[in-house]
Amino acid sequence: MQPAPFTIGPVRVENPFILAPLAGYTDLPFRLLCREYGAGLVYSEMISCHGLVYDQNKTKEMIATVAEEQPLALQLFGSEPEIMGQAAAIIDKEPLAMIDINMGCPVRKVIKKGAGSALMQTPHLAEEIIRQVVANTSKPVTIKIRTGWNHNSINAPEFAKMAEEAGAAAVAIHARTWSDGFSGKVDYSVITKVKESLTIPVIGNGDIHSYNDGIKLMAETGCDGVMIGRTALGAPWIFSPSINIEPSRSLRLKALSRHLELIDQFLPADRLLGKIKNHAGKYLKGVQNGSSIRVKIFEAKNFNQLQVLVHSLLDQHK
Ligand SMILES: Cc1cc2nc3c(=O)[nH]c(=O)nc-3n(C[C@H](O)[C@H](O)[C@H](O)COP(=O)(O)O)c2cc1C
């Protein structure tokens, strides 16, 4: 099966391999890097609707984008339709491609406020949120869901149909319930059912570990695109068919070096050193002698030292 482009509203997604939203990871530099390696669409970290409406500085930093990373889906989370609508109106002015609504996050802090995957238990509220967001933006609005709350309440097909009728332009589905967290067994058959019940595009997600896994998921379920989260960390080449399954050390270091370059360009690197080392260490995971390099990465005292280390490693492995 050849991966085919598809459209979400008027937005063309050239490559159906898509970067998932990952809080703490999918910031502007990492999204740009994944686009450079071929991701057809990238999602931001989840962004609080309250943070936007109350103009918090940290939230404003999180919506920064540039033309080169488009198409970008900026993801909002919240449970109050009116505030979600106001947040959509604020980001509607930004040069991004679409707005996504988080209806899948299982984290306690989020669900106890009725947001994230808790919305799968309150479809009327979820519908009102979708309608408010759609009414306040000219951009396509998408949702990201799970299969249901638990294994006795798998409701993704009906829920997704409701979303389509409320104006959603695509649905991404992580093939787990809330009760599965991030490690229960994925059930791709629900993706097939969601696809059968909708006319808008469906994006499948959960435990895609290789490009071939993604192709297989599209063939098996009929979904239009696949979204990759954890496997893309330290491995942005996952979006590209031309890079083989066992990337060389030089390819890993080149990707890391480019990642650091983009961080330097867009973020206050020294302030975020811990987070950057966390990203950097992932490029050497599962590599022979990778742990000794990871130790050196974690010993770097500042961003400059980290860059020097990576450049010298790259010179050694040319
Ligand atoms: C560290 C981490 C942060 C995440 N943050 C978000 C988020 O902000 N919004 C969201 O919809 N999903 C979030 N997710 C879920 C992922 O987007 C994805 O659905 C899940 O990890 C399954 O895909 P994967 O197996 O390819 O990682 C997060 C997952 C992880 C592990």
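Biologist: Two residues are in contact if their C-beta atoms, placed from the backbone, lie within 7 Å, so which residues does Ile 145 touch, leaving out residues up to four places away in sequence?

Modeller: Ile 145 touches Met 103, Gly 104, Met 120, Ala 156, Phe 159, Ala 160, Val 171 and Ile 173, when residues up to four places away in sequence are not counted. Please keep in mind that this is a predicted model, where local features need pLDDT of at least 70 and side-chain atom pairs count only at pLDDT 80 or more, while totals for chains, interfaces and linings use all residues. Residues are numbered from 1 along each chain as its sequence is written.

Biologist: Where is Ile 145 found?

Modeller: Ile 145 is found in strand 7; helices (H or I, at least four residues) and strands (E, at least two) are DSSP runs, numbered from the N terminus.

Biologist: And is Ile 145 buried or exposed?

Modeller: Ile 145 is buried, because 26 other C-beta atoms lie within 10 Å. A residue counts as buried with 20 or more other C-beta atoms within 10 Å of its own, as exposed with 12 or fewer, and as partly exposed in between, with C-beta atoms placed from the backbone. For a sense of distance, Ile 145 and Tyr 37 are 108 residues apart in sequence and 26 Å apart in space, C-alpha to C-alpha.

Biologist: Changing topic, how many strands close into a barrel, and in what order?

Modeller: Eight strands close into a barrel in the order 3-4-5-6-7-8-9-10, with parallel pairing, and the twist from one strand to the next averages 30°. Two strands pair if DSSP finds at least two bridges between them. Axes are lines fitted to C-alpha atoms, for helices over the stretch in contact, and angles run from 0 to 180 degrees between N-to-C directions.

Biologist: Which residues make up strand 3 and strand 10, and over how many bridges do they pair?

Modeller: Strand 3 covers residues 17-19 and strand 10 covers residues 225-228, and the two pair in the parallel sense over three bridges. Across that pairing, Ile 18 stands opposite Met 227 in strand 10.

Biologist: What about strand 4, how many of its residues are buried?

Modeller: Strand 4 (residues 41-48) is mostly covered, with seven of its eight residues buried. Strand 4 pairs with strand 3 in the parallel sense over two bridges, and the bridge partner of Leu 19 in strand 4 is Val 42. Strand 4 also pairs in the parallel sense with strand 5 (residues 72-77), over five bridges, and Ser 48 stands opposite Phe 77 in strand 5.

Biologist: Which strands does helix 6 lie across?

Modeller: Helix 6 (residues 123-135) lies across strand 6 (98-103) and strand 7 (141-148), running at about 165° to strand 6. Helix 7 (residues 156-166) lies across strand 7 and strand 8 (170-177), at about 165° to strand 7.

Biologist: Which residues of helix 6 are buried, and what do the buried residues pack against?

Modeller: In helix 6 the buried residues are Ala 126, Ile 129, Ile 130, Gln 132, Val 133 and Val 134, and the buried residues of this helix pack against helix 4 (81-92), strand 6, strand 7 and helix 7.

Biologist: Now the ligand, which residues come nearest?

Modeller: Of the 22 residues around the ligand, Ala 20, Pro 21, Met 46, Gly 229 and Arg 230 come nearest, where a residue is near a molecule or strand if its C-beta atom, placed from the backbone, lies within 6 Å of it. The shell around the ligand divides into nine nonpolar, nine polar and four charged residues; Ala, Val, Leu, Ile, Met, Phe, Trp, Tyr, Cys and Pro count as nonpolar, Asp, Glu, Lys and Arg as charged, and the others, Gly among them, as polar.

Biologist: Last topic, which residues does a cis peptide bond join?

Modeller: Most residues other than glycine have a negative phi, and most peptide bonds are trans. Here a cis peptide bond joins Gln 70 and Pro 71, with omega about 5°, and Pro 71 lies in the loop between helix 3 (57-62) and strand 5. Asp 55, which is not a glycine, has a positive phi of about 55°, and Asp 55 is found in the loop between helix 2 (49-53) and helix 3.
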